[in-house]
Amino acid sequence: MDRLKRVAWGRVATMTVGAICLGYAPIAMTELWPYARPGAPAFGEWLLGKAVSPGYVAEALATRIEPYRRSLVPLIVHSVLGGALMLLGPVQLLSAVRRRIRLHRAVGVAYAVTVYVSMAGAAVYLARTAPRDAFDGASFWLVLATILVGTVLSVTFGVLAAVGRLPDVHQRWMLLCYGYLMTAPLLRLEWGALPWILPDGLSMEEVNRVAIMHLGSVVVFGALLASRSLDRRASHPSDAARATWAPWPILALAHLAGVAALVWIGRAFWEYGAEGRRLFAAFLLPYAATYVVMAVRQRLAGRRGRPWAREEWRLHLIALCLAPAFSVAATLSFERFMALDGLTALSAGVGIGTGVLAFAATTAVSLRVLYAREVARREALTAGSPPSETATSGLARI
């Protein structure tokens, strides 16, 4: 019964993500046409105008004309290829699940190249645009830059893992990469949904500020759920791999640091009145939901005798607890070294915290697999037999 439930939820999640990607692809590819040729069709603007109001869209996009025109060609490259990535991603996932190796490799090469070229276009735009001229100011510029770096690094580590024949490490990095890319369509969905959920006459820039409080948390959590659903191993073959890297003392210290940082963040947001409280709620509610799921899952995995699943959940749980502490440090750094005002620095710090720490947790999980692989190889040599495929690369196989 549990397996049937997992399969059902997995199919629903896959179909939902696929539908979002297919729907967003033409929106991304045509989003910047009106800036190159006034009056050109833009499906995203039309849909958003229908969902909220034409004035809501026109007010926001009027401020984008000059910043976008300064980097129009790189932005068009970025958006068109970003739309292509929305189509390549589901193909990659389905080909991996169905074990169509040749198709998976061919599409994977195209995917990686497309990521690099698309992110190069985004990098040119960010380099030519002052942080204050970004859509939502410096906070959004910093969030975009962080997503860009995370996307490029995750696809790079994913390619290196594939070359090194570590399929589950490869899978985790590619899912994290796609999670970062999913911030784009999810942000557009929030542009249309949040004005109905928060009917305070908010502008798109204000809605944008609310959205970046939790988008990073949502997408990296989705990547973790996908990774865990595809990895059904109870444990690694190596005894050393079962020795936890996340003992209870470290978990407890991470919780203490997280609680202290959350209190600091909450008090800081509270100083900015209604807007600050709205932003703090937009961050805290998804964060709390993510924490509950991770805490429950790691405990259930332990009770069911699945040490590897528990280990991965626990490593990510520690990272989640430390994310607010990272956000505090980032906020103070942005205030001091970029001379940002308090609310802007705080929004940027909170906006990037969970995504950056999820990257750190994925790195820890990858090192864990590499360590187990090396231990298995040495154990095989000590036993007097040559290292088998299972003891080396097969250790990471799903």
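**Aromatic pairs**

I searched the whole structure for aromatic pairs and found 13. The model is predicted: local features need pLDDT of at least 70, side-chain atom pairs count only at pLDDT 80 or more, and totals for chains, interfaces and linings use all residues. Residues are numbered from 1 along each chain as its sequence is written, and side-chain values use heavy atoms, with hydrogens and water left out.

I looked up Tyr68 and Tyr125. They form an edge-to-face pair, 6.0 Å centre to centre, with 70° between the planes. Tyr68 sits in helix H5 (residues 65–69) and Tyr125 in helix H7 (residues 101–128), so the pair ties together parts 57 residues apart in sequence. Helices here are DSSP runs (H or I, at least four residues), as strands are (E, at least two), numbered from the N terminus. Both tyrosines, Tyr68 and Tyr125, are buried. Buried means under 20% relative accessible area, exposed over 50%, and partly exposed in between (1.4 Å probe, protein chains only).

Next came Phe135 and Trp191. Their ring centres are 5.7 Å apart and their planes stand at 90°, so this pair is edge-to-face. Phe135 is in the loop between H7 and helix H8 (138–163), while Trp191 is in helix H10, 56 residues apart. Phe135 and Trp191 are both buried.

I also noted a cluster: ring pairs link Phe269, Trp270, Phe280, Phe283 and Tyr287.

**Charges over rings**

I checked for a charge over a ring (NZ of Lys or CZ of Arg within 6 Å of the ring centre and within 35 degrees of the ring normal). Arg64 lies over the face of Tyr68, 5.8 Å from the ring centre. Arg314 lies over the face of Trp248, at 4.5 Å.

**Salt bridges**

How many salt bridges does the structure hold? I found 10. The test is a side-chain nitrogen of Lys or Arg within 4 Å of a carboxyl oxygen of Asp or Glu.

Arg172 and Asp168 form one, at 3.8 Å, N to O. They are four residues apart in helix H9, which means about one helical turn separates them. An α-helix has 3.6 residues a turn, so residues three or four places apart point the same way. Arg172 counts as buried because its relative accessibility is 5%. Asp168 is buried too, at 0%.

Asp231 and Arg228 form another, at 3.6 Å, N to O. Arg228 also meets Glu312, at 2.8 Å, N to O. That pair links distant parts of the chain: Arg228 in helix H12 (residues 215–230) and Glu312 in helix H15 (residues 307–337), 84 residues apart. Arg228 is buried at 7% relative accessible area. Glu312 is buried at 2%. Shared partners join Asp168, Arg172, Arg228, Asp231 and Glu312 into one network of salt bridges.

**Helices**

I looked at where H9 meets H10. Gly179, Tyr180 and Leu181 in H9 contact Thr183, Ala184 and Pro185 in H10, where contact means heavy atoms within 4.5 Å.

Last, I checked helix H11 (residues 204–211). Six of its eight residues are buried, so H11 is largely enclosed by the rest of the structure. Which residues of H11 are buried? They are Met204, Val207, Asn208, Arg209, Val210 and Ala211.

Notes. Rings of Phe, Tyr and Trp (its six-membered ring) pair if their centres lie within 6.5 Å; planes under 30 degrees apart count as stacked, over 60 as edge-to-face and the rest as tilted.
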